[in-house]
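Reader: Could you pick one contact in this protein and take a close look at it with me? After that, I would like to see the surroundings it belongs to.

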Amino acid sequence: MAEIRNLMNFISSSKKLYICVNQFKPMKQLIEIVKILFAYLIRPHLWPELFRKIYKNIFQRSSATKGKVLAENWCAEKAVSQQFAIEQLAENKEFEKIEDRYSDIFKKAKEIEQNTPVKMGGAGALDLIYYLCEYTQAENALETGVAYGWSSLAALLSISKRNGMLYSSDMPYLGADNDAFVGCVVPENLRKNWKLFRYADRESLPKIFKEQNEFDFIHYDSDKTYNGRMWAYPILWKKLKTGGCFMSDDISDNSAFMDYCIQNNFEPLIVGFDGKYAGVIFKK
Ligand SMILES: C[S@@+](CC[C@H](N)C(=O)[O-])C[C@H]1O[C@@H](n2cnc3c(N)ncnc32)[C@H](O)[C@@H]1O
């Protein structure tokens, strides 16, 4: 009898718990939305992006994953490994990982990342970025999306050899208050070759193009939605020098990169790493 009573009590308390958790879920979401809204409001330079985000959330809700399955199959069919791609570029010379070549710099950068109080987007295909800058002998490069600055670091390690310049566009993660830590893994001695524009791409890119109009290497790693990519790709491609190369990260999130290549008859190099894909197009 006591067991049955205990069981009944347990069922009724789990039901209460279930109702309780489900009542809190929308509340938590609401708090998150208010936090993000407030973060936008105190940063007037990001207001244009706020209006675009509201529009996207109402009218383009499926933009993040549009054509994902098709894109995944397309990437899987074409993909080669990072090592294979780099060895082809370097005419079969065995490549050395940049983490080994610049081990002291990477050791310090990892410590900085670990001591950073906010979480941001992780590193992409860093060896590929470095060797593409080497292959194109990049003097002027552009990237969208910085976060901790791992891709900036990889590009700068090559570009700084030619005293070139990396132009980066990044808006902070709103609600995470990470402004002070964007690009934190880039060491002081490389910063003279780096200009960081802290706006959404649609505001940063025109500002960057006023300073530099042609680039040897361009890396896209910011707004990953289908519409975001389809807006940026043709603009960036136009600014790429002949002989230069364009790289985009996480290209199987949706079919934007695939569609862009098919529409323009591009034969891209697809590189698989960490269960994701990066796409590279060379401008002949
Ligand atoms: C994946 S992280 C970049 C990682 C970096 N490229 C690396 O490999 O180390 C993406 C970054 O892009 C920023 N971002 C997202 N949408 C953006 C936009 N529309 N304009 C500018 N930056 C944006 C995010 O806040 C974040 O800092």
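Author: Let's start where Gln82, Ala85, Ile86 and Leu89 of helix H4 meet Asp127, Leu128, Tyr131 and Tyr135 of helix H7. Two residues are in contact here if their C-beta atoms, placed from the backbone, lie within 7 Å. Please keep in mind that this is a predicted model: local features need pLDDT of at least 70, side-chain atom pairs count only at pLDDT 80 or more, and totals for chains, interfaces and linings use all residues. Residues are numbered from 1 along each chain as its sequence is written.

The residues of this H4–H7 contact divide into six nonpolar, one polar and one charged. In this scheme Ala, Val, Leu, Ile, Met, Phe, Trp, Tyr, Cys and Pro count as nonpolar, Asp, Glu, Lys and Arg as charged, and the others, Gly among them, as polar. H4 spans residues 82-89 and H7 spans residues 126-135, and they pack at an angle of about 10° with their axes 10 Å apart. Axes are lines fitted to C-alpha atoms, for helices over the stretch in contact, and angles run from 0 to 180 degrees between N-to-C directions. The two helices are therefore roughly parallel to each other, a label for angles under 35 degrees. Helices (H or I, at least four residues) and strands (E, at least two) are DSSP runs, numbered from the N terminus.

Now for the sheet. Eight strands form an open, mixed sheet in the order S1-S7-S8-S6-S5-S2-S3-S4; two strands pair if DSSP finds at least two bridges between them. Strands S1 (80-81) and S4 (194-197) each have a single partner strand, so one side of each is left without a neighbour in the sheet. S4 runs parallel to S3 (residues 165-169), joined to S3 by four bridges, and Ser169 stands opposite Phe197 in S4.

Of the 21 residues around the ligand, Gly121, Gly145, Trp150, Ser151 and Ser222 come nearest; a residue is near if its C-beta atom, placed from the backbone, lies within 6 Å. That shell divides into ten nonpolar, seven polar and four charged residues.

Finally, step back to the whole protein, which is divided into domain 1 (2-59) and domain 2 (68-282), with bounds from an automatic or database domain assignment. Their C-alpha centres lie 34 Å apart. Nine residues from domain 1 and seven residues from domain 2 make the contact between them.

Definitions and conventions:
Parallel < 35°, antiparallel > 145°, perpendicular 65-115°, else oblique.
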